[in-house]
Amino acid sequence: MRVDLSRRLVPDELWELTVPLLPKLTSRPQGGGTAPVDERAVFTAVVYVLTSGCAWRYLPDSFGVSPATAHRRFSVWTEAGLWRRLHRAVLDELGARGELDWSSAIVDAASVRAKRGVR
């Protein structure tokens with residue numbers, strides 16, 4: 001993959017916030033499996049899919065990560081709560097730098113009508 005695309009999708013500052021939040025992968029007790037994949041390459045591939053709208057199966061080979069690996073890791077990270085924690089880490093970092101302006105904010109809410117007779 002071209003370095004400029006990788007750095008644009010996942011700048012060094014974002015990667016530094018992400019690394020400590022990534023769940024540790026354990027090796028399989030029975031051995032086997034595939035060789036470890038560069039975590040940053042996988043993260044960048046996932047960010048590409050999420051931001052571009054590309055289907056997992058069409059992930060370009062230039063990322064050096066198979067679509068199955070990217071999707072599997074995305075699922076593991078989602079279940080581990082990575083995205084919520086990363087969002088919080090980014091907000092904390094921006095807040096610490098004084099780069100957040102909370103003078104106006106949008107709050108999104110949904111309401112669901114209660115079913116009749118159900119309490």
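Tutor: Contact means heavy atoms within 4.5 Å. The model discussed here is predicted.

Student: With that cut-off, which residues of helix 3 meet which residues of helix 4?

Tutor: On the helix 3 side they are E39, V42, F43, A45, V46 and L50. Their partners in helix 4 are T69, A70, R73, F74 and W77.

Student: How do the residues of that contact divide by class?

Tutor: The contact of helix 3 with helix 4 has 8 nonpolar residues, 1 polar and 2 charged.

Student: At what angle do helix 3 and helix 4 pack, and how far apart are their axes?

Tutor: The angle is about 90°, and the axes are 9 Å apart. Angles of 65 to 115 degrees count as roughly perpendicular, so helix 3 is roughly perpendicular to helix 4.

Student: And how do helix 3 and helix 5 pack?

Tutor: Again the angle is about 90°, with the axes of helix 3 and helix 5 15 Å apart. This pair is therefore roughly perpendicular too. The residues that meet are F43, V46 and L50 from helix 3 and L82, W83 and L86 from helix 5. By class, that contact holds 6 nonpolar residues, with no polar and no charged ones.

Student: What is the general idea about where nonpolar side chains go?

Tutor: In soluble globular proteins, they tend to be buried together. In this model, the largest nonpolar core has 21 residues.

Student: Which members of that core touch the most other members?

Tutor: F43, A70 and W77 do. Helix 3 (39–52), helix 4 (67–79) and helix 5 (82–96) are the elements that give two or more residues to this core. Helix 3 contributes the most, with 7 residues.

Student: What does A70 touch, leaving aside neighbours within four places in sequence?

Tutor: A70 is in contact with V42, A45, V46, W56, L59 and V65.

Student: Now single residues. Is T18 buried or exposed?

Tutor: Buried means under 20% relative accessible area. T18 is at 0% relative accessibility, so T18 counts as buried. T18 lies in helix 2 (residues 12–18). Not counting residues up to four places away in sequence, T18 touches F43 and L86.

Student: Where is R40, and is R40 buried or exposed?

Tutor: R40 is placed in helix 3. Its relative accessibility is 12%, so R40 counts as buried.

Student: Which backbone oxygen does the side chain of R40 reach?

Tutor: The backbone oxygen of V10, at 2.6 Å. Beyond residues up to four places away in sequence, R40 touches R7, V10, P11, D12 and W15.

Student: Is D61 buried or exposed?

Tutor: The cut-off for exposed is over 50%. With a relative accessible area of 72%, D61 is exposed. D61 lies in the loop between helix 3 and helix 4. D61 and E39 are 22 residues apart along the chain, and their C-alpha atoms are separated by 16 Å.

Student: Where does R116 lie, and how far is R116 from P29 in space?

Tutor: R116 belongs to the segment after helix 5. From C-alpha to C-alpha, R116 and P29 are 52 Å apart, with a separation of 87 residues in sequence. R116 has a relative accessible area of 83% and is therefore exposed.

Definitions and conventions
Residues numbered from 1 in each chain as written. Predicted model: local features only at pLDDT ≥ 70, side-chain atom pairs only at ≥ 80, totals over all residues. Heavy atoms only, no water. Core = buried A, V, L, I, M, F, W, Y, C linked by side-chain atoms within 4.5 Å. Buried < 20%, exposed > 50% of the residue type's maximum accessible area, 1.4 Å probe, protein only. Helix = DSSP H or I, 4+ residues; strand = E, 2+ residues; numbered from the N terminus. Axes fitted to C-alpha atoms, helices over the stretch in contact; angles between N-to-C directions. Parallel < 35°, antiparallel > 145°, perpendicular 65-115°, else oblique. Nonpolar A, V, L, I, M, F, W, Y, C, P; charged D, E, K, R; others polar. Polar contact = N/O pair within 3.5 Å; in protein donor to acceptor, adjacent residues only side chain to side chain.
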